[in-house]
Every structure is written in structure tokens, then in C-alpha cells.
Amino acid sequence: MDHLIVLNLGQGNWKDGFPTVIAQLWESGRSTPMQFTGSLPATPTLVDRLTRWRSIYTALYAHLGLRRSEFELDDDEPTHISAAEFHQLTHEVQSQFNLWLSASSFRAIDRQLRTRLSPKDSIRLMVVAHDRQILQLPWCLWDFLSDYPYAEVALSLPEFARSLQLPNPNRRKKVRILSILGNSQGIDVERDRALLQKLPNAEVHCLVEPTPQALQETLWQSAWDVLFFAGHSSTDVKGYIQINRTETLTIEQLKYSLRHAIAQGLKLAIFNSCDGLGLAQDLADLQLPQVIVMREPVPDHIAQEFLKSFLSSFSSGQSLYQSVREAREKLQALESDFPCATWLPVICQNPSEIPPTWQDWCGQKRQFLPPMSRSQLQTIALSTLAITGLVSGIRWFGAMQSIELQAFDVLMQHRPVEPPDPRVLIVKIEEEDIQRQPQNGGSISDETLDRVLETLERHQARVVGLDLYRDFPTQRPSLKKRMAQMAQNAQLVAICKRRDPDSNDPTGIAPPAEISADAVGFSDVVQDRDGVLRRHLLFASADEIGTCATAYSLSVQLAFRYLSTQPSPIAPEFTSDQHLKFGSTVFPALTEPTSGYQRFDARGSQILLNYRSTKSPIEVAQQVTVRQLLNGEMNLNAIQDRIVLIGVTAPSAKDYFATPYGRGFSQQLPGVIVQAHMVSQMISAVLDKRPLLWVWSTAIEVMWIGAWTVFGGLLIWRFRQLKWIAIAGAGCIFLLIAGCWFVLTQAGWIPLVPALLGFLLNGGTVAYRFLASSQPNSL
């Protein structure tokens with residue numbers, strides 16, 4: 001997470017102390033800061049030590065090729081340098097500086113900041129003070145920065161404002177750098193030039209020892225992103241740069257041209273030269289957003305190494321602050337020859353401006369994803385492989401089948417509404433119809449059934465499905481004759497029940513004796529372990545032992561007859577894989593595993609039952625009761641050319657089934673309604689091209705689970721604040737659920753629960769690994 005700390009020391013000074021110190025902590029994404037107060041005591045000893053340190057530092061570096069315009073020792077500066085004394089003084093400055101910042105009056109600020117910050121946070125720490133001697137202190141030595149490796153300090157004066165920005169419609173796609181190579185006597189500025197020329201997406205305009213007029217004209221003529229100076233500079237009362245061997249300039253002398261350049265988009269000035277704090281302070285008055293300077297005289301080699309490291313990090317996408325810190329700390333390798341080199345580079349920041357990135361300048365959008373380290377990539381990759389394998393393995397053993405089927409039910413319940421099937425009519429036998437019948441072993445009497453069939457036959461029903469068990473003799477001769485005749489004319493299909501060797505039903509239930517075997521369909525259905533009916537059994541091997549020998553279900557027999565009587569008859573076929581086929585529509589049988597079904601009885605030819613998604617599942621087709629049919633309380637012309645199903649809906653018959661739409665008895669569907677869904681699915685798939693439910697292959701499902709698993713890890717890597725992780729995670733979960741729902745509306749059943757489990761497990765695992773290993777850009 002990105003944080004900004006503004007440490008304002010107020011109106012105090014090093015002699016009298018700082019009675020009111022205010023620290024503001026700004027968090028990314030929040031419009032208001034947290035604020036803490038404290039104070040700091042006077043620190044004359046520290047300033048004295050620093051003054052002595054600077055005197056010895058200047059004398060020590062006198063002959064090391066400094067980027068300073070002239071070098072003369074003051075009379076009171078030492079002429080005999082003791083390296084041991086310098087190192088001792090360096091240690092004392094650092095110790096006394098941190099001792100000053102550990103004062104009890106300041107401790108509350110330190111404690112509050114540490115309570116709310118993590119070592120993994122990216123922190124910009126701005127020190128604001130009126131006392132310029134306090135700003136000259138080496139703030140990079142604060143122990144706070146040692147505990148927060150992604151923090152860097154910047155200096156600021158107490159008065160600041162946003163820079164005036166003029167519209168610039170001709171923005172280029174490259175970073176525009178104005179490089180001023182001033183007086184190079186005794187130093188090698190050509191190496192700086194070479195480093196700039198190698199930058200990606202950069203357009204470098206170089207002025208070599210220009211005249212003041214040439215420099216000012218160049219600042220006026222074009223829009224620049226970066227102003228770079230290499231050469232000799234120094235600070236006396238004002239900061240100044242030596243632009244050629246005979247002429248020097250102050251910021252005041254460049255005020256108007258620099259103000260114009262800032263208005264045109266100048267965001268950063270880099271003075272890779274000596275003693276640049278005076279220059280930075282003068283530029284702050286012009287509201288230049290950022291300046292990078294050397295706080296003390298700097299050896300040529302140190303200046304070049306810092307520039308190389310900084311430009312490499314910054315141009316590759318690192319933040320400005322992190323690039324400066326990284327480049328500054330790399331100078332430690334040179335401190336055996338150049339003591340205190342890491343103290344020199346410093347950022348001077350306008351607090352009202354946000355530091356840009358290299359990509360901002362060259363017209364590129366900021367990367368949505370931050371750079372990924374090799375260790376982060378390994379963590380996410382290994383975790384993804386392990387969790388994808390774990391989830392897929394658990395799923396393969398069937399441990400997730402129950403919850404996957406429940407998720408399937410919920411999605412099924414929320415599909416868009418379809419109209420009832422106009423080709424199907426259901427004749428219901430309700431409780432009142434049963435009570436009116438004489439008790440002859442069936443739900444309705446032979447006389448009533450004869451009248452019903454006669455009405456349906458007279459009004460030209462295409463085919464009638466008798467979803468009633470009639471394994472007893474018919475007493476009414478006219479009914480016996482009518483049933484036989486209708487069956488022979490392919491207008492009637494009756495049912496039987498196959499035997500179940502695993503239950504107390506070794507023979508099954510026989511079909512009506514009046515109907516030939518080829519006009520019989522079995523009524524058996526396949527229920528899951530939770531009792532829910534989600535599959536549609538089309539056909540099975542003929543049973544030569546039981547009383548129900550037919551190989552086809554009632555719905556298939558009805559579909560056979562209805563489709564064969566179309567204006568262009570459609571006859572059933574079988575593919576080479578023994579899948580049922582009507583025209584171009586194939587009904588592929590389920591195999592183990594199939595999506596959420598990892599362990600199930602796949603015997604026979606089964607397909608997923610794609611219930612017609614009507615307003616209520618019971619409204620799959622038009623319905624009429626027996627008494628309404630016989631009393632003419634319906635439009636009898638509506639019977640013509642329909643598939644008519646006759647069945648019991650009375651609760652006393654106990655012919656009810658749990659479906660994805662509900663398991664409680666009040667939500668269960670009568671068997672005749674389920675048969676209507678089944679036959680509607682078949683004829684709609686053939687005639688209307690209404691899709692059958694389909695699934696992916698196992699390999700594609702594993703890739704899908706793996707994709708969501710890796711996404712869970714990437715989410716943790718991308719967002720480092722718990723709030724944003726929660727928001728993004730909730731959004732991803734919603735997207736996953738919505739995606740699975742949408743695919744189901746297109747008849748596809750894809751893994752929801754395994755993908756969600758992989759997403760959550762990998763997110764938690766990666767978060768734990770990042771925290772345990774203290775990797776950057778993590779939580």
C-alpha cells in the first residue's frame with residue numbers, strides 16, 4: 001500500500017526547539033489524513049557536530065574530483081585530516097540525530113506511525129521545516145527508514161502550491177529531457193550524457209556549455225519533462241551552476257524561463273552536481289514538483305554511479321522515491337573509498353504534487369499490475385499448481401459432488417423465464433377426481449378413463465401418454481378395445497415399472513394387458529443421493545426377466561410417435577456410440593465423470609434434465625383436470641395435435657419428486673409434471689433447437705479451476721490493502737457466479753464451487769506466504 005507522511009516541524013529552530021510538530025499520515029484511496037502531534041527539543045550539539053562533520057568532509061574530499069565550481073578551504077577548516085576522527089564524527093552525527101528523534105516528546109508520533117504502517121508499505125516521507133539548517137540534516141539516517149525498506153525521505157519548505165499547468169495538446173510519446181552539460185573542467189560529464197542517451201522512450205536534447213541566452217531560449221521553445229544538469233555547482237547565499245567555463249547562473253536569473261517550462265509540464269530537475277540544496281530551495285519558490293540534488297560536494301564517480309542506478313530503476317517502472325532510495329543505497333559499496341556517499345542524494349518535493357512515473361511521461365498508462373519478482377512468481381506458480389491439484393483430486397473422489405449439485409440447483413432456479421410448451425397438454429387427476437370414482441384398483445374408473453380417451457381421440461390428440469399403473473384387468477370392453485386400437489395406431493403409450501433387484505421389488509409393475517409391448521414406456525427415473533431428480537433416463541437394456549421388458553422411457557416413446565407424425569417425419573437413429581439421434585440432434589449419454597457428477601450410476605442412456613424454466617416449474621404446459629375435460633370446461637379444440645399426458649397430481653398418490661426447484665413436499669413436482677418436462681425437453685431440442693445441457697471435458701474443467709486459482713493468487717499480489725482485497729475479491733466472486741449463471745442460461749454447466757474454492761484457497765495461501773517471507777508488494 002502507498003502512504004504519504006508529512007512531518008511538519010513548524011516554526012521552531014535548532015536553538016530553541018520545535019514546540020509543535022505535526023505528522024500527517026495519508027493512505028492511498030483516502031481523501032483525509034490521520035494526524036498526530038508532538039514536539040522536538042533544541043539540538044545545538046547535533047548542529048555543531050554536523051557543522052564540524054561538513055568541514056572535515058569538505059577537506060577530505062578536496063582532491064577527489066568534485067563537481068564544484070571552485071574549491072578553496074576556509075581559514076578555519078582543517079588542513080590535516082584524520083580518517084579515524086572523520087569516522088568517529090560520522091558515527092556521532094548519526095547517533096545524536098536518532099537520539100534527538102527518540103525524545104519522549106516525539107515518541108508518540110513515532111509510535112502512532114509504526115502502529116499503522118507495515119514494513120511492506122511504500123512510503124513517501126516529507127520533512128517540512130522553516131529552519132533550513134534542520135533540512136540540511138541527513139534525514140536518510142533516521143532509524144525509522146531502516147525499519148521500512150520501501151520508504152524514502154524528501155525535503156520541503158513550509159510554503160508550497162500547485163504549479164500552473166498550461167494545456168499541451170501536442171503531448172509526445174517520449175520523455176523529453178533537456179540535458180545541460182556545464183563546465184566540465186576536472187570531471188567527466190560525457191558519461192552522464194551517454195547514460196541519458198541509452199534511456200528507453202526518451203528524447204534527449206543536449207546543451208554543451210551553453211551561453212545563458214541559448215539556455216533560456218531552449219527552455220522557452222519546447223515542453224520538457226526533465227531538466228538535467230551535470231557540471232560544477234555550489235551554494236553560498238544562493239545556489240548557482242557554472243554553465244560554461246566563464247559564466248554562472250542562479251535560479252533567480254532563470255526564473256521566467258523556468259516558470260514557463262514548469263507551466264509546459266516540467267516535473268523533475270536533476271542536479272547531478274555539488275551542494276545542490278540551495279538550488280532546490282530556490283526552485284521550490286517556482287513550485288517545481290520534484291528536484292533531486294546532492295546535499296554536499298560530490299565526487300564525479302559517485303555522481304555517475306548514482307545517476308546510472310537511478311535512471312535504470314526509474315525508467316523500468318519503479319517509483320521515483322523507490323528509485324532514489326535504491327540508487328542511494330547502492331552507493332554503500334563505494335563508501336570504503338568515498339565515505340558517507342549514501343548521505344548525498346536527496347529529493348526535494350512540492351507536497352501538493354504527486355510524483356509521476358516514467359510511463360506517465362512517455363504517454364503510457366500506468367501498469368495495472370506492478371512488476372512481479374521471481375520469488376513472487378515462484379510462490380504463486382507453486383501454490384497454484386498445488387491447490388489446483390488438490391481441488392481437482394478432492395473433486396475426482398466425489399467429495400464435492402453434493403455441494404456442486406446444490407450450487408447447480410441454485411443457478412437453475414434463477415434462469416430467465418420461458419413460456420410453457422404449447423405442444424403438451426396435461427390432464428390432471430386431482431384428489432376430488434379420485435374421490436368421485438368407484439374403487440376398482442385404480443385412480444380413476446374404467447368408465448371415466450374410457451370417456452377421457454374417447455374425448456382425446458375424437459379431438460385428434462397426436463399421442464396420449466397414460467402415466468397410470470394399470471397392471472389389473474380392464475372390466476369395460478369398450479375401454480379395452482379403445483386402448484388396443486389407439487396403441488396400434490401409435491396414439492397411446494402406457495407405462496410400466498422396471499424391476500429393481502436391490503429393493504423389495506423383484507418383478508416391477510406390469511403394463512396394461514390390452515396394450516402391445518411396443519406401445520409401453522417405463523416410468524423409472526434416476527434420483528441422486530439427496531433424492532433430487534436432475535437426470536433424464538432415456539433407455540436401458542431390455543429386461544427379459546421382469547414384467548416390464550421395454551427398453552425405452554415413456555418420454556422417449558412419446559417423442560418417437562410425435563416426431564414421426566411431423567409434416568416432415570423425423571425417425572430415431574443411433575450413432576456409432578449408441579447415442580439416440582433425431583435428425584441432427586444427438587442426445588449424448590452421460591459418462592462418469594460429468595462436471596459436478598464425479599461418482600454416479602451411469603447405467604443406461606442418461607442425459608441432464610434441462611427443466612423448462614417457466615415462471616413456476618409446475619407450469620411447464622397447459623393443464624386441465626379430468627372433470628373439466630369431461631364437462632367441456634375447456635376449449636376442446638386445443639387438444640388437436642398435442643401430446644397429452646394423463647397422470648395423478650393428488651397428494652394421496654405419493655407420486656412426487658424433488659427437483660432443483662425444491663425438495664420439501666410443497667415444492668416437489670408430481671410425476672406427470674416431471675414426465676411433461678422430459679418429453680418437452682426432447683421435442684424442443686429437435687424442433688426448436690432448444691439446447692441440451694452440456695459440460696466441458698475434464699481437461700478444460702481443470703484448466704478453468706486452475707485459471708481461477710491463479711487469479712486468487714494474483715489478486716493478493718496486485719492489491720496490498722485489506723479493504724481493496726475484500727472489494728476486488730467480492731467483485732471476482734460475483735463475476736465467477738454471474739459467469740457460471742450466464743453460461744447455464746446458454747445450457748452450459750461449468751464448475752462453480754471448485755473454481756471458487758481454488759480462488760479462495762490460493763488467495764489465502766499466497767497471502768500467508770507473502771507475509772511469512774516479507775515480500776514487497778504483498779499485503
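This is a predicted model: local features need pLDDT of at least 70, side-chain atom pairs count only at pLDDT 80 or more; totals for chains, interfaces and linings use all residues.
1. Start with the largest nonpolar core, which holds 120 residues. The members that touch the most others are Leu7, Leu9, Trp100, Trp139 and Phe310. Helix H10, spanning residues 300-315, provides the largest share of this core, with seven residues.

2. Leaving aside residues up to four places away in sequence, Leu7 touches Val21, Ile22 and Ala23, then Phe106 and Ile109, the run Leu125, Met126, Val127 and Val128, and finally Trp139 and Trp142.

3. Next, have a look at the second largest pocket, with a volume of about 1400 Å³. Its lining counts 45 residues, and those closest to the centre are Lys497, Arg498, Asp500, Asp524 and Val525.

4. What is the make-up of that lining in nonpolar, polar and charged residues? The lining of the second largest pocket has 18 charged, 16 nonpolar and 11 polar residues. Strand S19 (535-539), strand S26 (656-657) and helix H20 (671-687) each contribute at least two of its residues, and H20 gives the most, with three.

5. Finally, the unreviewed UniProt entry lists "transmembrane region" at residues 693-717, 724-744 and 750-771. In the model, residues 693-717 are 80% helix and 8% strand, with the end C-alpha atoms 37 Å apart. Residues 724-744 are 100% helix and 0% strand, and there the end C-alpha atoms lie 30 Å apart.

Conventions: Residues are numbered from 1 along each chain as its sequence is written. Side-chain values use heavy atoms; hydrogens and water are left out. A nonpolar core is a set of buried Ala, Val, Leu, Ile, Met, Phe, Trp, Tyr and Cys residues joined through side-chain atoms within 4.5 Å. Buried means under 20% relative accessible area, exposed over 50%, partly exposed in between (1.4 Å probe, protein chains only). Helices (H or I, at least four residues) and strands (E, at least two) are DSSP runs, numbered from the N terminus. Contact means heavy atoms within 4.5 Å. On a 1 Å grid over the protein atoms alone, a cavity is a set of points where a 1.4 Å probe fits but cannot get out, and a pocket is an open set with protein on both sides within 12 Å along at least five of seven lines; lining residues have an atom within 4 Å of a point. Grid points are joined across faces, edges and corners, and a volume is the space filled by probe spheres set on the points. Ala, Val, Leu, Ile, Met, Phe, Trp, Tyr, Cys and Pro count as nonpolar, Asp, Glu, Lys and Arg as charged, and the others, Gly among them, as polar. UniProt positions are given in the numbering used here, feature names are shortened, and annotations may be inferred rather than shown by experiment.
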